[in-house]
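The following note sets out numbered points on the model shown below. Please read each point alongside the coordinates.

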Amino acid sequence: MSDTQRMNESLKLFKGYESFRMKGEFRSEMSVGVDLRADRQGNCVGTYKQNQVPDEVTIIRDRGWVRYDDKNLEEIRKVTKIYMPDKLAAVDEAIKKSRGKYIEYPARDLLDNPGLFLCAFHLAFMKVPGKVRSAEEVGNPRTRGNERTVQLTHGSGEGEVSVHVPEKGGNAPRGIEFNLGDVPVILELDEYDKPVTVKPPAPADVVQEKEVRALDLSSDLPGD
């Protein structure tokens with residue numbers, strides 16, 4: 001089987017999965033890491049990492065919940081103290097309410113975040129082709145666990161896409177690399193077509209986003 005045939009078989013499998021686990025990163029100005037299990041029904045669970053600290057995430061169709069790690073809450077406080085000291089009291093109150101709790105959001109708000117966008121199969125992987133006209137093996141084989149994989153690549157620049165397949169023994173995609181706009185996305189893949197078991201947090205462990213809105217500093221930072 002040629003490199004092009006192998007890549008097309010791998011892409012066909014990838015496009016047909018109903019669910020899988022993806023672990024990797026968005027290489028934007030601030031690297032964002034993910035370790036998520038998601039399916040085509042809008043269920044997603046795992047961790048979303050900024051500043052090397054993971055937050056817990058659960059999405060069930062149109063609703064989502066995030067539990068922020070204490071280190072990330074302290075980082076929000078630190079930024080507020082430096083750039084927006086007049087809002088520190090409100091931020092402190094929001095941190096107090098959210099510490100150890102799950103903040104509930106509309107899922108669409110969470111999917112706006114780089115990384116969590118991957119939970120939306122129909123959008124995140126839309127531009128990954130189902131078939132290519134040419135492909136070639138690049139780089140050296142890699143070892144993950146006890147398996148060696150090779151990288152098959154098509155295109156260049158923002159249109160470049162790669163799949164990692166077993167060096168021997170089938171073409172199931174063990175990883176995929178592509179671009180969302182000008183941001184490279186690099187993912188390891190496994191647990192194909194396994195049910196994604198999700199359940200909402202207990203009501204006593206939930207705080208509504210509107211109650212802790214002060215945690216969102218994105219529109220108030222200098223330069224925004």
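1. Salt bridges. A salt bridge is taken here as a side-chain nitrogen of Lys or Arg within 4 Å of a carboxyl oxygen of Asp or Glu. By that criterion arginine 67 forms a salt bridge with glutamate 56, and the closest N and O atoms are 2.6 Å apart. Arginine 67 lies in strand β5 (residues 63-67) and glutamate 56 in strand β4 (residues 53-60), so the pair ties together parts that are 11 residues apart in sequence. The structure holds 16 salt bridges.

2. Basis of the note. This is a predicted model, in which local features need pLDDT of at least 70 and side-chain atom pairs count only at pLDDT 80 or more, whereas totals for chains, interfaces and linings use all residues. Residues are numbered from 1 along each chain as its sequence is written, and side-chain values use heavy atoms, with hydrogens and water left out.

3. Overall composition. The chain has five helices and 12 strands; helices (H or I, at least four residues) and strands (E, at least two) are DSSP runs, numbered from the N terminus. Taken along the principal axes, the C-alpha atoms fill a box of roughly 65 × 35 × 30 Å. Of the 224 residues in the chain, 40% are buried, where buried means under 20% relative accessible area, exposed over 50%, and partly exposed in between (1.4 Å probe, protein chains only). Contact means heavy atoms within 4.5 Å; among contacts between residues at least 6 apart in sequence, 57% join residues at least 24 apart.

4. Arginine 67 is partly exposed at a relative accessible area of 29%, and glutamate 56 is partly exposed at 30%.

5. The sheet around β5. Strands β4 and β5 pair in the antiparallel sense over five bridges, pairing being assigned if DSSP finds at least two bridges between two strands. Within this pairing, valine 57 stands opposite valine 66 in β5. The hairpin of β4 and β5 has two residues between the strands, and arginine 61 there takes a positive phi near 55°. Strand β5 also pairs in the antiparallel sense with strand β6 (residues 102-106), over four bridges. Tryptophan 65 stands opposite glutamate 104 in β6.

6. Further salt bridges. Aspartate 35 forms a salt bridge with arginine 21, with 2.8 Å between the closest N and O atoms. This pair links distant parts of the chain, since aspartate 35 is in strand β2 (residues 32-39) and arginine 21 in strand β1 (residues 19-26), 14 residues apart. Arginine 21 is partly exposed, at 22% relative accessible area. A network of salt bridges links Arg21, Asp35, Arg37 and Glu191. Elsewhere, arginine 213 forms a salt bridge with glutamate 209, the closest N and O atoms being 3.1 Å apart. Arginine 213 is partly exposed at 49% relative accessible area, while glutamate 209 counts as buried at 19%.

7. Disulfide. How many disulfides does a search of the whole structure find? The search finds one, with a disulfide defined as a pair of cysteine sulfur atoms within 2.5 Å. Cysteine 44 and cysteine 119 form a disulfide, and their sulfur atoms are 2.0 Å apart. Cysteine 44 lies in strand β3 (residues 43-50) and cysteine 119 in the loop between α4 (107-111) and α5 (121-124), so the pair ties together parts that are 75 residues apart in sequence. The torsion about the S-S bond is about -50°, so the disulfide is left-handed. Cysteine 44 and cysteine 119 are buried.

8. Threonine 80. This residue is in helix α2 (residues 70-83) and is buried, with a relative accessible area of 0%. A polar atom of the side chain of threonine 80 lies 2.8 Å from the backbone oxygen of isoleucine 76. Leaving aside neighbours within four places in sequence, threonine 80 is in contact with Pro85, Lys87, Leu88, Val91 and Leu217.

9. Helix α1. At 1.5 Å a residue, the 14 residues of helix α1 (residues 3-16) should span 20 Å, and the end C-alpha atoms are 20 Å apart, which agrees; the expected span is 1.5 Å times one less than the number of residues. The buried residues of α1 are Thr4, Arg6, Met7, Asn8, Ser10, Leu11 and Phe14. What covers these buried residues includes β1, β8 (147-154), β9 (161-166), β10 (175-180) and β11 (183-190).

Technical notes
A polar contact is a pair of N or O atoms within 3.5 Å; within protein, one must be able to donate a hydrogen and the other to accept it, and residues adjacent in sequence count only if both atoms are side-chain atoms.
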